[in-house]
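Try each task yourself before reading its solution.

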Amino acid sequence: SLVIAMIIAFGLAFQIPIILILMVKFGFINIKWLQEKRKISIVIIFILAAILTPPDVISQIALAIPMLLLY
């Protein structure tokens, strides 16, 4: 069950660029807003990584870093 949970978490993390592109394309957000909210996004990404992974710092960082790079 741990492997399945990690696969789902990483699968959802790699959907971030698609979601952001669609939101910009449909006018829900713009690129300037994304740039202004970058600090808040970093905190939210680390919180999501902590929730989606087991209580382990290494797996949290392993999920948060790709999410940050994809943002």
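**Exercise 1. The greasy patch**

Which residues make the nonpolar surface patch of about 620 Å²?

Solution. Keep in mind that you're looking at a predicted model.
- Step 1: pick out the members, which are Ile-40, Val-43, Ile-44, Ile-47, Leu-48, Ile-51 and Leu-52.
- Step 2: A patch residue needs over 30% relative accessible area. Ile-44 has 44% and so counts as partly exposed, while Ile-51 comes out at 63% and therefore counts as exposed.
- Step 3: get some distances. For Ile-51 and Gln-15, 36 residues apart along the chain, the C-alpha separation is 17 Å.

**Exercise 2. The overall build**

Work out what kind of fold the chain has, and describe its extent and its surface.

Solution. 
- Step 1: count the elements. There are five helices and zero strands, and the order from the N terminus reads α-α-α-α-α.
- Step 2: box it in. Along the principal axes, the C-alpha atoms fill roughly 40 × 20 × 15 Å.
- Step 3: The accessible surface is about 5,300 Å², and carbon and sulfur atoms own 77% of that.
- Step 4: look at the inside. The chain has 71 residues, and 23% of them count as buried.
- Step 5: ask how far along the sequence the contacts reach. Take contacts between residues at least 6 apart in sequence: 52% of these join residues at least 24 apart.

**Exercise 3. The core**

Find the largest nonpolar core, then say which element gives the most to it.

Solution. 
- Step 1: list the 11 residues of the core: Ala-9, Ala-13, Ile-16, Leu-20, Ile-29, Leu-34, Ile-45, Ala-49, Leu-63, Ala-64 and Met-67.
- Step 2: pick the top contributor. That's H5, with three residues.
- Step 3: zoom in on one member. Once you leave aside neighbours within four places in sequence, Leu-20 is in contact with Ile-29, Leu-34 and Tyr-71.

**Exercise 4. Two serines**

Are Ser-41 and Ser-59 buried or exposed, and which backbone oxygens do their side chains approach?

Solution. 
- Step 1: recall the cut-off, with buried meaning under 20% relative accessible area.
- Step 2: apply it to Ser-41, in helix H4. Ser-41 has 15% relative accessibility, so this residue counts as buried.
- Step 3: do likewise for Ser-59, in helix H5. Ser-59 is at 9%, so this one counts as buried too.
- Step 4: find the polar partners. A polar atom of the Ser-41 side chain lies 2.9 Å from the backbone oxygen of Lys-37. For Ser-59, the side chain has a polar atom 3.1 Å from the backbone oxygen of Asp-56.
- Step 5: finish with the surroundings of Ser-59. Leaving aside neighbours within four places in sequence, Ser-59 is in contact with Met-6, Thr-53 and Pro-54.

Key
Residues are numbered from 1 along each chain as its sequence is written. This is a predicted model: local features need pLDDT of at least 70, side-chain atom pairs count only at pLDDT 80 or more; totals for chains, interfaces and linings use all residues. Side-chain values use heavy atoms; hydrogens and water are left out. Patches are made of residues with over 30% relative accessible area and no salt bridge: like charges are joined within 9 Å, nonpolar side chains (Val, Leu, Ile, Met, Phe, Trp, Tyr) within 5 Å. Accessible areas come from the Shrake-Rupley method with a 1.4 Å probe; for residues, only the protein chains shown count as cover. A salt bridge is a side-chain nitrogen of Lys or Arg within 4 Å of a carboxyl oxygen of Asp or Glu. A nonpolar core is a set of buried Ala, Val, Leu, Ile, Met, Phe, Trp, Tyr and Cys residues joined through side-chain atoms within 4.5 Å. Buried means under 20% relative accessible area, exposed over 50%, partly exposed in between (1.4 Å probe, protein chains only). Helices (H or I, at least four residues) and strands (E, at least two) are DSSP runs, numbered from the N terminus. Contact means heavy atoms within 4.5 Å. A polar contact is a pair of N or O atoms within 3.5 Å; within protein, one must be able to donate a hydrogen and the other to accept it, and residues adjacent in sequence count only if both atoms are side-chain atoms.
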